[in-house]
Amino acid sequence: MSEKQDKTKVVAAGRRKEWTQGIVNPPVWRASTILYDDVAHLRASGASDTHHRLFYGRRGTPTQWSLADALTELEPGAEATLLYPSGVAAIASTLLALLSPGDHLLLPDSSYDPTRNFANGLLRRMGVETSYYDPLIGEGIAALCRANTRVILLESPGSLTFEVQDVPAIVAAARDRGIATVLDNTWATPLLFPAIARGIDYTILAATKYVVGHSDVMLGSVTAAQGRYAALRDASYQLGQTASPDDAWLGARGLRTMAIRLEQHGRAALRIAEWLKTRPEVARVLHPALPDCPGHALFQRDFKGASGLFSFVLAGGGEKARAALIDGLEHFGIGYSWGGYESLALPVDPQRFRTATEWKAEGPVVRLQIGLEDPDDLIADLAQGLARFAGMRG
Ligand SMILES: *Cc1c(COP(=O)(O)O)cnc(C)c1O
């Protein structure tokens, strides 16, 4: 069979007849109790691995398995996927599955803030030490690895400042030392960066973002490379992690259009990023496909394309001037999260979250999620915003 293109894959993935029962979308199978024919049948189903077998609602039904299978199929070389009630639950469960007291964890200084909070909170309390590294460290990561380093987490690009990491170099250093690699791949998804094929052991999606695509469901996923699934499954079962069938169904519905949405988000975002770069009110545009972005050459080498989230640094000004820009926008909501059909603008302050590197910038930073509106309307809106900013900056 020939290798299928992404748009074909997201339509077909996970739609095994066992899960769909012969209709187009798998039904929502809601369950806590599963009824057994007799005691012998009940006893036989009690084995520890109930993956893809009805056992008890917490272990899922064909609705969740269909989405999990679909995400596995999008990652060549993967063994299996588990779903979680949020992206943060997926990150926390993966780290808990891999780390024990006395172990050492490496996190990029550009990490998603709640990932830092988990490392500095619960993981520290259970005796795991975390060191933060420069996301641009590349093969230099080797010097930070210790005898007790068990996990290197990567997030590429970082979701506030968009540094692109040298994933192959970090994977090579980790492999040599028996260290597991965990990638937060929410920005690229497997369509723009097939993480397992590039040597990552566990790839995580905040499916809340592009998989769901409509800003109305919280969902996370972890896809494990061959031989890596059992450890994740055992820990996640012990933690009672489960995603509801209704949410999984909405995730699967979103997935069917993810390839065409990503293409549109990516095209519009790049156009807007290039336009912002021409503006005198803007000092720098942090978009991996533009040369201003740290790690741009790695992006060109490793990624199949860009999605719709990026930041820009204003030329001077402060909090008030930035707020004047954002507050008056007509087409951009002000809010957390991203990956939905609607555009968002967010003030971000990277200096608040850094410990290993220093964030230096010419002015405050704005992060944009570019939705599916017409980019001409978004540009006109931003032009007025920049005029408000310039007026306030003086
Ligand atoms: C949103 C986000 C998460 C967390 O996902 P939730 O579903 O909101 O818990 C993790 N990583 C990145 C990069 C994110 O943007």
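Ala, Val, Leu, Ile, Met, Phe, Trp, Tyr, Cys and Pro count as nonpolar, Asp, Glu, Lys and Arg as charged, and the others, Gly among them, as polar. With that sorting in hand, look at the shell of residues around the ligand: six are nonpolar, four polar and three charged. Before we go on, a word on the model: it is predicted, so local features need pLDDT of at least 70 and side-chain atom pairs count only at pLDDT 80 or more, while totals for chains, interfaces and linings use all residues. Residues are numbered from 1 along each chain as its sequence is written, and side-chain values use heavy atoms, with hydrogens and water left out.

Let's stay with the ligand. It has 13 residues around it, and the closest are Gly87, Val88, Asp184, Thr208 and Lys209 (a residue is near a molecule or strand if one of its heavy atoms lies within 4 Å of it). Helices (H or I, at least four residues) and strands (E, at least two) are DSSP runs, numbered from the N terminus. Helix α5, residues 87–98, gives the most to this shell, with three residues.

Now for the polar contacts (pairs of N or O atoms within 3.5 Å; within protein, one must be able to donate a hydrogen and the other to accept it, and residues adjacent in sequence count only if both atoms are side-chain atoms). A polar backbone atom of Gly87 is 2.8 Å from an oxygen atom of the ligand, and one of Val88 is 2.9 Å from a ligand oxygen. Asp184 uses its side chain instead: a polar atom there lies 2.6 Å from a nitrogen atom of the ligand. Taken alone the ligand exposes 380 Å², and the protein buries 93% of that (areas come from the Shrake-Rupley method with a 1.4 Å probe; for residues, only the protein chains shown count as cover).

Next come the sheets, where two strands pair if DSSP finds at least two bridges between them. Seven strands form an open sheet with mixed pairing, in the order β1-β7-β6-β5-β4-β2-β3. At its edges stand β1 (78–84) and β3 (129–133), each with a single partner strand, so one side of each has no neighbour in the sheet. Inside this sheet, β6 (residues 202–205) and β7 (residues 220–225) run antiparallel and are joined by four bridges; Leu205 has Ser221 in β7 as its bridge partner.

A second open sheet has five strands in the order β8-β9-β12-β11-β10, again with mixed pairing. Its edge strands, β8 (282–286) and β10 (333–334), each pair on one side only. Follow β12 here: it runs antiparallel to β9 (residues 309–314), with five bridges, and antiparallel to β11 (residues 344–348), also with five.

Five of the five residues of β12 (residues 365–369) are buried, so the strand is largely enclosed by the rest of the structure. In a regular strand the side chains alternate between the two faces of the sheet. In β12 both faces are covered, with Val365, Arg367 and Gln369 buried on one side and Val366 and Leu368 buried on the other.

Note on methods. Buried means under 20% relative accessible area, exposed over 50%, partly exposed in between (1.4 Å probe, protein chains only).
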